[in-house]
Amino acid sequence: MRLTQSNNDYYSNLRNLTMHKILSRQISRAQKANSENEFSIDKLLKIIEEFYEEVDRERKIKDRSLELMSDELNELNSEIRAIGEKQLALIMENVEDGIVLLDENFSLLNGNKSFNKLLEIISKKEEDDDNLKKEKWKQIIEKFDFQNLEFPCRKNLEFFQNQKSFHYEISINPTILFENPGYIGILRDVTQSKELKEKLEKDQELLIHKIEKNESALIELSDSLDKESSDRKAAEATLEFLAYHDALTGLMNRVAMKEFFDQKITNLKPNQKIAVLFTDLDKFKIINDSLGHHTGDMLLQQVGKRLEQTIGSDGKISRQGGDEFIIILDTIQDTKDIELVCQRLIQEISREYLILDHSLLVDLTIGVSIYPDNGTDFESLVISADTAMYAAKDQGVGKYEFYTTEMSLNVYEQLILGNWLKLALRKNELLLLFQPKYNVKNKIIDSAEALIRWNHPERGIISPMTFIPIAEQSGIIGKIGDWIIEQACVEINDWNLNYFPLRIAINLSPIQFSNPKIHENIETIIKRYQINPNLLEIEITESGVMKDIQYTKKILNRLKDLGVIVTIDDFGTGYSSLSYLKELPVDNLKIDKSFIDGIPNNTKDCAIVEAIVTLAKKLGLYVIAEGVEKVEQKEFLIQTGCDSIQGYLIGKPQSRESLRDLTKGIVPN
């Protein structure tokens, strides 16, 4: 009999019922036989006697107590029997099979819900009274000669309703029902299993018939099964391959590489080392974005092949994702071996690629970590190598670097500063200093450059060379740039109202300049403070201008439409921009400090400065020289025709109050 749920209370009550039955029977037998063999009634009586001894010593009271106890036991036995019947009913209602209780003549005593549903199906009625149910059961058992059967026994019952055949299996087992002999019957619906069996037999006969009728069909079926098995095995092999390999390049993936590493370190000899190389392709994103992902994928495939050819049997290669690859060198002897491998890799990867009629060039940057010096598990070594790779990128393209603990400290330092910098604006920790510019013709200070500083409460003044790159990486340079523009406009307005019109220059980082709405931000702030746009000067580095000349033209034209002054900063440092200079809507050129340092003694620096000034004059541009620290530099620049001078000779970056003291009494023409 299969129960759908357990009932601990039932088993507890059943045990109590059994104990009370035993006690009742033993007391009864002891009283009849006046014997102590099966149960010590005298002990029980002794206890009762001792209990009542202090109340009444009379025998009649004892006898009366025994009579009362007997009545109570009988009443308790009746209550326990009622509890047992309820528990049995609960069990029967939670059984999926039909359960029927029969007396010794196989007459119906009780049945559960499943059994009642069977009777309702047979009678085609939803409800039946108990007498009708017993009559139906009598009709069922009349089909079987239970009197002459050996128990337990099993019979099958079949009946029809709505042109459908129903099949039940009936098992009869003898039992004791509350001290009376009887039977318990279990009915299982086997209709579906019988139908399924018949269908399977029918399908089997049909299949055998087809096979016997056409032998070629069997051969075709066999071939089909073989093909299906082969296809399944091929699919399984493909899935297994993809689980451990990169789908694009066929190289090992990160999972397989980790397993390879773990296997290697378990068999590593004393003092033997393993190198982990983290590589990245420079210029790949430009190729991928401009020529399409298909071209980029083909390039990655060729890069993967070159990496394999270069490494050979010295290690394993996996694709990390995108244009990043991980290489494990497991045959190294010392760091010189790693350096030679890195040099070969950089050289091979930098060779020309011919893809879809395109001649492509990329460079490889490598970061190196070593087991066990830089980590004892795969993940930590990859992180260390990744950190070293970014340090190599700072050195330029096609470089490699070995991991050092200082690199992690720098990364941690940048992380800390980045978190602090996000709060610096809200806490008013940023400030502007102003470095004056001297107008050579009018011999006055008529403008100043606004230079941002970070006044940290614990570290003091932090240079923009330290926190501006962090701001660019963390994405908050836009907010800082807007703050600088707004503070510069506040200063312009204050000077114009309380002193004299002073032009303030601000620097735009390449990331700020790449924002196509930068001119809208500037226009909004100018209108907010109602300043003369001609008093705001925007300085943009030469390298930032030359990245996308068409975009640069569009943005500079929009800035000029606002009326602001546009200056190219750091002019002459590394870009052949002279051919575009005549097309750009700019007002000023600012000669980089690196050329000013050598004048007037270095003839090459003098020649460069003279050439820049001459070119600017012919293009109608105003020339500013920065980094002027000596009188002889100033005199040379004045003789050369430079319009404005900036540097420590004129004044260091200083507060607004110091700048006002410096210009006190000076009113420009």
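A crossing of two helices is right-handed if the near helix is turned clockwise from the far one by less than a right angle, and left-handed if anticlockwise. This briefing applies that term to a predicted model, in which local features need pLDDT of at least 70 and side-chain atom pairs count only at pLDDT 80 or more, while totals for chains, interfaces and linings use all residues. Residues are numbered from 1 along each chain as its sequence is written, and side-chain values use heavy atoms, without hydrogens and water.

**Helix 22 and helix 23**

- The crossing of helix 22 and helix 23 is right-handed; helices here are DSSP runs (H or I, at least four residues) numbered from the N terminus.
- Cys606, Val609, Glu610 and Val613 of helix 22 make the contact with Phe636, Leu637 and Thr640 of helix 23, contact meaning heavy atoms within 4.5 Å.

**Helix 15 and helix 17**

- The axes of helix 15 (residues 477-498) and helix 17 (residues 518-529) come within 10 Å and cross at roughly 30°.
- Helix 15 is therefore roughly parallel to helix 17, a term for angles under 35 degrees.
- The crossing of helix 15 and helix 17 is right-handed.
- Asp482, Ile485, Glu486, Cys489, Val490 and Asn493 in helix 15 meet residues of helix 17, including Ile522, Arg528 and Tyr529.

Note on methods:
Axes fitted to C-alpha atoms, helices over the stretch in contact; angles between N-to-C directions. Helix = DSSP H or I, 4+ residues; strand = E, 2+ residues; numbered from the N terminus. Parallel < 35°, antiparallel > 145°, perpendicular 65-115°, else oblique.
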